[in-house]
Amino acid sequence: MLFRSWEQAPTAAGAGSGIARWPEVVRVADHVGVEHLLVTRHALVRRVLTDPATYRPDNALDAVTPMPVAALRILAAHRFRLPPTLANNGGASHPGIRALVADALHPTRVAAQRDWLAALVRRRVAALDATLATGAPVDLHAALAADLPLRVLARLVELPDAPVSAVKDFARATLELFWAPLDAGRQQALAAEVGRFHRLLREFATTGGGLAAALRAAGHPPDVVVGALFFLLVAGQETTSQFLTLLMHRLTGEQAVLAGLRDGSVAVADVVEEGLRLEPPIVTWRRMAAVDTTLGGTAVAAGTSIVLWLAGAGRDPATVDSPDEFRPGQRGSRRHLAFGAGAHRCVGDQLARMEAATVVAETAPLLAGVRVLRPPRYPDNLTFRMPDAFLVRR
Ligand code: HEM
């Protein structure tokens, strides 16, 4: 269940909420026998996220499949280190690092990218329309989701001069290495790929401009600059890529919503929020109990891994009127926890929303006129959806 948790929630409208089937808090053993406490309800997930004294973020980036010595040696050979910087940093340096990242992603800087992105998406949609008119299929993930968030991020935060495909490969390798059930051979291959990219980042951290320069100027040591960039290159683009594909796929099955978008009776922003609630790209996020405590009546020992089911929280009947139905603007639609909550709440939420709103607005007519040839597939993963190709035809 832990590695395909999105399948636990029904996708068909009116199928009844899957969350009601689950206890509020449940112990689940993973593939290597480690026990996690899965938290399924909105109120409890929120309580954990907003109580950093009891539930620390230290384990947020821990590998769910422990790394064997061979993989650790490969990482060490690349001088790979990931000190706490952002998501896994419960220490005193967190607010300062977060503030610098937030400056780079300030809403006015994000808004300034909107027209550029809209023009790019419009050109791509026109090319896709032409291909679809010939009767040929198109891959909407490759054409409209995979690279766009990285291109926008590169304009906001100076990034190392690496080809888009190299960054995408590194980011997906990272999500697999840290959050997937793996065998030792695969771990070594992924460690080599992640280690190679980390080396490139280390060079950039000492010479690069933009955010790297701002972090250096604030006195952060090179390891911290690398760690922050490493996280941002994954969290700041792969998540949104995944969300764009999840949302486009969902919308091909929501013709009434697409019609509402076209006649103006449905707001794009409401579609994005409902998408985040029902199809979050990050399905779970972790915390670690710092002390012995109780949660939802269950005893929790210090050191326990807490898996917060963000996708489940979005479908909690206690917070939203029609938990499993895609109804933009319905009561509770915006109360999802797709971006987390509290001191570590996603700092790129406005950027992700702008990107999703732009893509939805520009692609709605195209989505209304296609049928799905091959839905995206999702590999086993504790946290990320990671869709692959999404093929459609007119
Ligand atoms: C749909 C897209 C996205 C989703 C669903 C998402 C979700 C999340 C979640 C669940 C967290 C953990 C929150 C917590 O612990 O309470 C997080 C943290 C973070 N996200 Fe996002 N994110 C997205 C896009 C982005 C983008 C575009 C950026 C930046 C360009 C970004 C940067 C970050 C950073 C820096 C953190 C760590 C914040 C901290 O620890 O202070 N994310 N995100």
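The model is predicted, so to speak of local features a pLDDT of at least 70 is needed, and side-chain atom pairs count only at pLDDT 80 or more, while totals for chains, interfaces and linings use all residues. Residues are numbered from 1 along each chain as its sequence is written.

**View 1. R124 in helix α5.** R124 lies in helix α5, residues 114–133 (helices are DSSP runs of H or I with at least four residues, strands are runs of E with at least two, and both are numbered from the N terminus). Although R124 and A143 are 19 residues apart in sequence, their C-alpha atoms are 7.1 Å apart in space.

**View 2. The shell around the ligand.** Of the 30 residues around the ligand, G236, G340, H344, C346 and G348 come nearest (a residue is near if its C-beta atom, placed from the backbone, lies within 6 Å). Elements giving two or more residues to this shell include α3 (94–104) and α16 (349–368). Helix α12 provides the largest share, three residues.

**View 3. Strand β5 and its partners.** Five of the six residues of strand β5 (residues 284–289) are buried. Strand β3 (residues 55–56) runs antiparallel to β5, joined by two bridges (strands pair if DSSP finds at least two bridges between them), and Y55 stands opposite A289. Strand β8 (residues 305–309) is also antiparallel to β5, with five bridges, and here R286 stands opposite V307.

How values were computed. Buried ≥ 20, exposed ≤ 12 C-beta atoms within 10 Å, placed from the backbone.
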